[in-house]
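Visitor: I would like to learn how to read the boundary between two parts of a chain. Could you guide me through it?

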Amino acid sequence: KPQLVASNDRFCRFLEEYCPVVTETYYPTIWCWEGRVQTLLRPFITSRPQVQYRNELIKTADGGQISLDWFDNNDSLYYPDASTRPTVLLLPGLTGTSKESYILHMIHQSETLGYRCVVFNNRGIAGEDLLTPRTYCAANTEDLETVIHHVHSLHPSAPFMAAGVSMGGMLLLNYLGKTGSDTPLMAAAIFSAGWNVFESVESLEKPLNWLLFNYYLTTCLQSSISRHRQMLEKLFDMDLVMKARTVREFDKQFTSVMFGYRTIDDYYEDASPCRKLKSVGIPVLCLNSVDDVFSPGHAIPVETAKQNSNVALVLTSCGGHIGFLEGIWPRKCTYMDRVFKQFVQAVFEHGNKIFSM
């Protein structure tokens, strides 16, 4: 069974009643239960539901643009009135977009419940041009704030929550730690967030993890900015950035410099959500596996979570990073998908029971 960490008895009872998956035994797929194997295989094993998006480009205060992919769900039987149709904002991982299989599955789950979804693609990675020499990072929440207020302004009467995966979860937590309860979001779900960036990069620099994950992730980061080289060369030594062989080297030469941090340690400290968890002011459910090499179990802030009545952690012993595969042939629904579906439905259908906490 997962470990459920929450100091608020009412929140616990709410989850047990309306999101019972968090108290059920999780049986990982027997032939790929190890965390690294789950992490590696999930993108290849899980299906990719067909989703038709409507793209919207919105402008930012600094002259940049953000690409949003909408799934309007205009055929919703439960919520035919678009003005009050519940809306879920989805935040993909570090180099992820609206095309990731885990995002498509979240949209598929939301579609069956009648909800609308909008995917926040970080600057410059979903095919749109960079209009300024700036991309994104886990610590800077300005673009997310712009997106949240834009979506809320379009549908002010619609119930509104967000779900973030991996770096998307870190960004969402950092935003919530900054805003407290002063947000249009009712609640949030966080999956496989890296809680302490120092511990995450140290884990990813172990020889086997570097070989399996770190080098590939670094090349993905480099690939995501290479298309914008002409724009970024105005501020960066791109030849040096392209020589990075680890995420830490990339962040040292590019990310921390872009966002004005004196050192990479200053950036990593600011990007670590464990430092801001105590300030979260709305109900948040966070799912992590303790065998996740991107977010080591010993770095999960269990004691801090116990000090905030708005926070619940669900910790599984297996599942890897955005893995959570279950069943003999786990093509369709993962444990993570089930947690997402039940929690989102619980918030939208029965949220008044936790908002009186």
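Visitor: How far apart do the C-alpha centres of domain 1 and domain 2 lie?

Guide: This is a predicted model, in which local features need pLDDT of at least 70 and side-chain atom pairs count only at pLDDT 80 or more, while totals for chains, interfaces and linings use all residues. Residues are numbered from 1 along each chain as its sequence is written, and side-chain values use heavy atoms, with hydrogens and water left out. Domain bounds come from an automatic or database domain assignment, which here gives domain 1 (3-195 + 273-351) and domain 2 (197-271). The C-alpha centres of these two domains lie 24 Å apart.

Visitor: How many residues does the contact take from domain 1 and from domain 2?

Guide: Contact means heavy atoms within 4.5 Å, and here 34 residues of domain 1 and 29 residues of domain 2 take part.

Visitor: What area do domain 1 and domain 2 bury between them?

Guide: Buried area is the accessible area (1.4 Å probe) that two parts lose on being put together, summed over both. For domain 1 and domain 2 the value is about 2,500 Å², with 67% of it on carbon and sulfur atoms.

Visitor: How many salt bridges does the rule find across the interface of domain 1 and domain 2?

Guide: A salt bridge is a side-chain nitrogen of Lys or Arg within 4 Å of a carboxyl oxygen of Asp or Glu, and the rule finds 3 across this interface. Lysine 276 also forms a salt bridge with aspartate 270, and their closest N and O atoms are 3.6 Å apart.
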